[in-house]
Amino acid sequence: MAPMPIRKLPLLLINQIAAGEVIERPASVVKELVENSLDAHGTQIDIQIEEGGRQLIRISDNGTGIPEDELPLAIDAHATSKLQTVDQLEAINTMGFRGEAIASIASISRLRITSKATLNGIACESGAMLEVHGGQIQPITPAACAPGTTLEVRDIFFNTPARLKFMRAASTEFGHISSIISQIAMVQPQVGFTLTHNGRKTLDVSPDSSHRRRCIQLLGKELDDAMLEFEHVDPPTENASPNSPPPPRLWGLAGMPAVARATTKFQYVFINGRPIKDRSLNHAIKEAYRGLIPHDKHPMAILCIEIDPTTVDVNVHPTKSQVRFREPSRMHGLILHSLRQCLLANDLTPQASLGGFNRAGAMTGGGIAGSGTSGGAGKISFSRSGGSSSSSGTSPSAFVQHFREMDAAQKGFIYQQIKEALPPVPPAPPEATQGLLPQNAAQTTDPSNPEASNGPPSELPGGPGAWELAQRNSPGGAPALPILQQYNILQVHNSYLVTQDDQGILIIDHHALHERVMFEQLRNRILGQNKNLESQRLLMPATMPASPGRLDLAEQLGPLFERIGIEAQPIGKESLAIHAFPTLLFDRKVDPITFMEELLDEAEDGKVDLTNPNLDEAVLHKVLDMMACKAAVKGGDAMTQAELAALLAKRDEIERSSNCPHGRPTSLRLSLADLEKQFMRT
């Protein structure tokens, strides 16, 4: 085939090629035109859609409008009022700037522009209308209209049948449009929006001075209590000069761990009012919640970042959905630090909702707020901690579910039991507490409990040295009253603890809470104190079969083994000998071979990063999580009052005590208001 001569492409073909990059589907048209309305300073934007945008897209605003003599330029390629010089390209402060959108839309649809301009605050006497049918420009005609601009896009892709074939069902296309409008409205609270599909209004938000109110209005009022508001201003860098760009500012809403979702769909990131997608920033969000949510869940978050336009390049993608930062690591750190501070500053204990009663008196609903879980029926029995418990046809994990399904009379009986079990305890006289203080074993902790022996018990949840966790000293150094006097604890099925706080009743999974306590202690020693974990040398090495690949993997894990107190060496070509094991795991009777096999499995699956030589928090998290889980008390393990008090004391001291390292909640709270409602006390 002979080569074709070089020719200049026709204008219509140029615009249709551009449309292929900019106009992916009807939602792309809506996005581009709404952004133009925002750049025109519109404070009310109305969007009307028919058949998912295939038949009609109409965008009306009350902005500054387009003068009649500029209407032909509005549909010309690369004609814009937003950009004139190269310097402006390096500091984009408008939503649009390329001048491609309307020209591209006009080439693949039947377009009508009706506009009345406002010049120096005074509206023109009349408006004007311009129509373009598949690139064919019609004469401009006068039009009676309100100040602002209305663009009607009909029969999208009518002259590009190949593109039309890829259109989805009307409901699908409208779903994309609705998502786009919701995102834009979320970050523009000063602008009112309406969205109508086939004559039915699906969105109607008025201008609002409160950013939070606008976001909650769009997300759903049921999430109001689950979204934590925060603000952060990044401090100037050390080498900042008076002419340096101002530091980034961040406003956001961080979702409670209990409302984490299965996808990242509910993570919204905006840069200078522009919705963007950025893997690095999404990673920072996920990292901030590490240990608070399960690994297969993603947090809800809204992040609105204001940054100097010269420090971000928005001209890297035709749809403007991606950006490039001058200092990407700084932006990652800004989000990670801000979210972490927000989460640490708030009580993340999820509310356990008991649901309501229907007319028949049966329970309706229930579960953790925002999770949509519900329970089943059954019976429960209580026992004081340290004693035994019995149940009839029930399992230890069913406590909360049983309680949800009880009728009012049963609940009243249980409520009275809990109320009687949790009265304020008066301070004990000093002579009654001597045996609870460090290095003083003169008296028995609890004469009625044989498990609480004289002096510090040797088998507290934290292992050796954990007894000190149950003590607090006053600022002057004198021993304070023991933690035991601060808690009234009910143990249920040797798995759950019931206690009280200022807001209501706390139900605690003692395994999950102890796992978090152990994890934080391990993390503090390795990362905070930069010390290796204590190691216990085995009298006889524990040997396990290992393939050559696993032996090589164990060699690569050498630096990690050293940090966590493991000494392992190959024996021959198919065996691995464990000579030393972490003292913590050894004391908790964890089998070295089983633990090592699980650790090597995780490394083979890529869950332990062997390429990171620094062994930072992200690398160690998985391993320390495994260790904490193995060392923690298990469901069904009876604990003394002293042990329970020590555990609850640490709950008030450690970070992220609301969730175990896997992300499961350690505690649920039944608020006093909810209890009063359920028992019809209001």
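## The main nonpolar core

In this predicted model, the largest nonpolar core holds 48 residues. Those touching the most other members are Leu-219, Ile-302, Leu-303, Ile-305, Phe-325, Ile-335 and Leu-339. Several elements give two or more residues each to this core: the helices are H7 (170-187), H8 (211-219), H9 (279-288) and H10 (328-344), and the strands are S12 (227-233), S13 (249-255), S14 (267-271) and S16 (301-306). Helix H10 gives the largest share, with 7 residues.

Setting aside neighbours within four places in sequence, Ile-302 is in contact with Met-186, Cys-215, Leu-219, Trp-251, Gly-252, Leu-253, Tyr-268 and Phe-270.

## The chain as a whole

Stepping back, the chain has 682 residues, and 49% of them count as buried. Its secondary structure comes to 20 helices and 30 strands. Among contacts with a separation of 6 or more, 71% are between residues 24 or more positions apart.

The chain exposes about 33,200 Å². Carbon and sulfur atoms supply 51% of that area.

## The largest pocket

The largest pocket has a volume of about 1,100 Å³. It is lined by 37 residues, and the closest to its centre are His-176, Ser-179, Ile-180, Gln-183 and Lys-277.

Which helix supplies the largest share of the lining? That is H7, with 11 residues. Helix H2 (26-39), H7, H8, S14 and strand S15 (274-276) each supply at least two residues of the lining.

## Helix H14 and its two sides

Helix H14 spans residues 548-556, and its buried residues are Arg-550, Leu-551, Leu-553 and Ala-554. Seen down the helix axis, these buried residues fall within an arc of 160°, so they line one face of H14. The face turned away from the buried side carries the exposed residues Pro-548 and Glu-555.

What do the buried residues of H14 pack against? Their partners are helix H15 (558-564), strand S28 (567-570), strand S29 (575-582) and helix H17 (592-604).

## Two residues with positive phi

Most residues other than glycine have a negative phi. Phe-157 is not a glycine, yet it has a positive phi of about 65°. Phe-157 sits in the loop between strand S9 (148-154) and helix H6 (161-164).

His-493 counts as buried, at 7% relative accessibility.

Ala-106 belongs to helix H5, which covers residues 101-107. At 4% relative accessibility, Ala-106 counts as buried. Not counting residues up to four places away in sequence, Ala-106 touches Leu-111, Val-132, Gly-134 and Gly-135.

How far apart are Ala-106 and Glu-131 in sequence and in space? They are 25 residues apart in sequence, and their C-alpha atoms are 8.9 Å apart.

Definitions and conventions: Residues are numbered from 1 along each chain as its sequence is written. This is a predicted model: local features need pLDDT of at least 70, side-chain atom pairs count only at pLDDT 80 or more; totals for chains, interfaces and linings use all residues. Side-chain values use heavy atoms; hydrogens and water are left out. Buried means under 20% relative accessible area, exposed over 50%, partly exposed in between (1.4 Å probe, protein chains only). Helices (H or I, at least four residues) and strands (E, at least two) are DSSP runs, numbered from the N terminus. The arc is that of the directions from the helix axis to the C-beta atoms. Contact means heavy atoms within 4.5 Å. Accessible areas come from the Shrake-Rupley method with a 1.4 Å probe; for residues, only the protein chains shown count as cover. A nonpolar core is a set of buried Ala, Val, Leu, Ile, Met, Phe, Trp, Tyr and Cys residues joined through side-chain atoms within 4.5 Å. On a 1 Å grid over the protein atoms alone, a cavity is a set of points where a 1.4 Å probe fits but cannot get out, and a pocket is an open set with protein on both sides within 12 Å along at least five of seven lines; lining residues have an atom within 4 Å of a point. Grid points are joined across faces, edges and corners, and a volume is the space filled by probe spheres set on the points.
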